[in-house]
Amino acid sequence: MTIGITCFTGVILICAYLYQYSVHQVYWMLIGGWLLVFICGIFFYQPKLRRKCCVFVIMGFGFLLKYVYVCYTSIYTRQHDVRDFTDEYKGHAGYIQYFIDNHHLPDFDPTTHYQFYHPPLHHIISAIWIEASERIFDLEPEVAQESLQSLTLFYAIVIVILSYRILQHFNLRGCALYIPLIIIAFHPAFILFSGSINNDVLSVVFILGAILCTLQ
């Protein structure tokens, strides 16, 4: 399933690139739409592959929606607790910047800094991501900071996959499987989480992971 989603994502990105620089974009839309309908139709009418096809389509379009949202949304949009990376270590951005500058846990009372009371795992991972982006890939600080949405987008995808695994555990079939999966894949909260650089989305990943491990 993960390999299939990865391949689907790669095809979507290539097609999006070709579509962007195409002179006749309407033809790409027409061909892409008919091709998608044709492929889904083939898989749908294969009894053994019908469920996997439906799940794949739900997850794929759920990811595409989140990806588009991330592409058109800044890390400072629709977030009240991020502040700024230059805001004297305040908010989630300041928390991340603290690890970039100091490379150790806070050596002061975390309640004296806004949002520093949160568990540090997400912010440590984000700090490593930014430093790697700047030093290895030579990105500008602003671009590296915006790329943090790649992490939260990944976490949002993991939420859908874990939810599917939980639903699988109860041997759900048909609408009993598809309806809750659609709700999770297209839920507005998870769409917002995919573009938010706070630690909310990662906490949901751990919650669902704990539930899945308990069931197994």
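Q: At what angle do the axes of helix α4 and helix α5 cross, and what is the hand of the crossing?
A: Helix α4 covers residues 91-102 and helix α5 covers residues 121-135, and in the predicted model their axes come within 8 Å of each other. The angle at which these axes cross is roughly 65 degrees, and the crossing of α4 and α5 is right-handed.

Q: How many residues of α7 are buried?
A: Helix α7, residues 149-169, reaches 30 Å from its first C-alpha to its last, close to the 30 Å expected for its 21 residues at 1.5 Å a residue. This helix is largely enclosed by the rest of the structure, because the number of its 21 residues that are buried is 15.

Q: Is C175 buried or exposed, and how many disulfides are counted?
A: C175 has 56% relative accessibility, and because the cut-off for exposed is over 50%, this cysteine counts as exposed. Its sulfur lies 9.6 Å from the closest cysteine sulfur, that of C54, which is too far for a bond, since a disulfide requires sulfur atoms within 2.5 Å. By that rule, the count of disulfides comes to zero.

Methods. Residues are numbered from 1 along each chain as its sequence is written. This is a predicted model: local features need pLDDT of at least 70, side-chain atom pairs count only at pLDDT 80 or more; totals for chains, interfaces and linings use all residues. Side-chain values use heavy atoms; hydrogens and water are left out. Axes are lines fitted to C-alpha atoms, for helices over the stretch in contact, and angles run from 0 to 180 degrees between N-to-C directions. Helices (H or I, at least four residues) and strands (E, at least two) are DSSP runs, numbered from the N terminus. A crossing is left-handed if the near helix is turned anticlockwise from the far one by less than a right angle, and right-handed if clockwise. The expected span of a helix is 1.5 Å times one less than its number of residues. Buried means under 20% relative accessible area, exposed over 50%, partly exposed in between (1.4 Å probe, protein chains only).
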